[in-house]
Amino acid sequence: MVASQGITLKSKTALITGGGSGIGRETSLLMASEGAYVVVCERDEKGGRATVDQIKEAGGQACLILADVSDDAQMRSAIETAMSETGGLHVLFNNAGIFPDADGSPVDTPLDI
């Protein structure tokens, strides 16, 4: 556990892209259980809502911001919204990614794809 290592997420805000399923959901749940306010950033509203609901049912705090990581303007807006609504960001987990078939490497992926 994070807390056992002397690190606390209490009073911290974590934004997690792709938080509506898989690793993103599990990370969201874990960070919330450690006291973080979790901003689930997801393009799939149903999955994102399910994660937020699970966090709240467990007594944690979370919100959903709909955004697609492949859209630069949406991500800028998501980060600005998260910061203004929560007072700042302390943790950013870039879980979601883009990897088009025509691309040879995630490092080389241009924003305009």
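User: What makes C63 count as buried or exposed?

Analyst: This is a predicted model, and every value that follows is computed from it. C63 has a relative accessible area of 14%. Buried means under 20%, so C63 is called buried.

User: How do you know how many disulfides the structure holds?

Analyst: The structure holds zero disulfides. The sulfur of C41 has its closest cysteine sulfur in C63, 9.6 Å away. A disulfide requires two cysteine sulfur atoms within 2.5 Å, so this pair is too far apart for a bond. C63 is likewise in no disulfide, its nearest cysteine sulfur being that of C41. C41 is also buried, because its relative accessible area is 2%, under the 20% limit.

User: Why is the contact between R43 and D68 called a salt bridge?

Analyst: The N to O distance between the side chains of R43 and D68 is 3.8 Å. The limit is 4 Å, so the pair qualifies as a salt bridge, one of three in the structure. R43 lies in the loop between β2 and α2, and D68 in the loop between β3 and α3; the pair therefore ties together parts that are 25 residues apart in sequence. R43 itself is exposed, because its relative accessible area is 65%, and exposed means over 50%.

User: What makes E45 and R49 a salt bridge, and where do they lie?

Analyst: Their closest N and O atoms are 3.5 Å apart, which is within the 4 Å limit. Both residues belong to helix α2, and because they are four residues apart there, about one helical turn separates them. E45 has 41% relative accessibility and R49 has 42%. These values fall between 20% and 50%, so E45 and R49 count as partly exposed.

User: How do you know that R76 and D72 form a salt bridge?

Analyst: The side chains of R76 and D72 meet at 3.0 Å, N to O, within the 4 Å limit. R76 is exposed because its relative accessibility is 53%, over the 50% cut-off. D72, at 33%, is partly exposed.

User: Why is R25 said to have no salt bridge?

Analyst: R25, in helix α1, is buried. Its nearest side chain of opposite charge, E26, is 6.2 Å away. A salt bridge needs a distance within 4 Å, so R25 has none. Leaving aside neighbours within four places in sequence, R25 is in contact with residues including G18, G47, A50 and Q54. E26 is also found in helix α1, yet E26 is exposed, because its relative accessible area is 51%, over the 50% limit.

User: What makes up the largest nonpolar core?

Analyst: The largest nonpolar core has twelve residues, among them L9, I16, M31, V38, V52 and L64. Members of a nonpolar core must be buried and joined through side-chain atoms within 4.5 Å. The elements β1, α1, β2, α2 and β3 each supply at least two residues of this core. Apart from it lies another core, of nine residues, including A67, M75, A78 and A82. In soluble globular proteins, nonpolar side chains tend to be buried together.

Notes:
Residues are numbered from 1 along each chain as its sequence is written. This is a predicted model: local features need pLDDT of at least 70, side-chain atom pairs count only at pLDDT 80 or more; totals for chains, interfaces and linings use all residues. Side-chain values use heavy atoms; hydrogens and water are left out. Buried means under 20% relative accessible area, exposed over 50%, partly exposed in between (1.4 Å probe, protein chains only). Lys and Arg count as positive and Asp and Glu as negative; His and the chain ends are not counted. Contact means heavy atoms within 4.5 Å.
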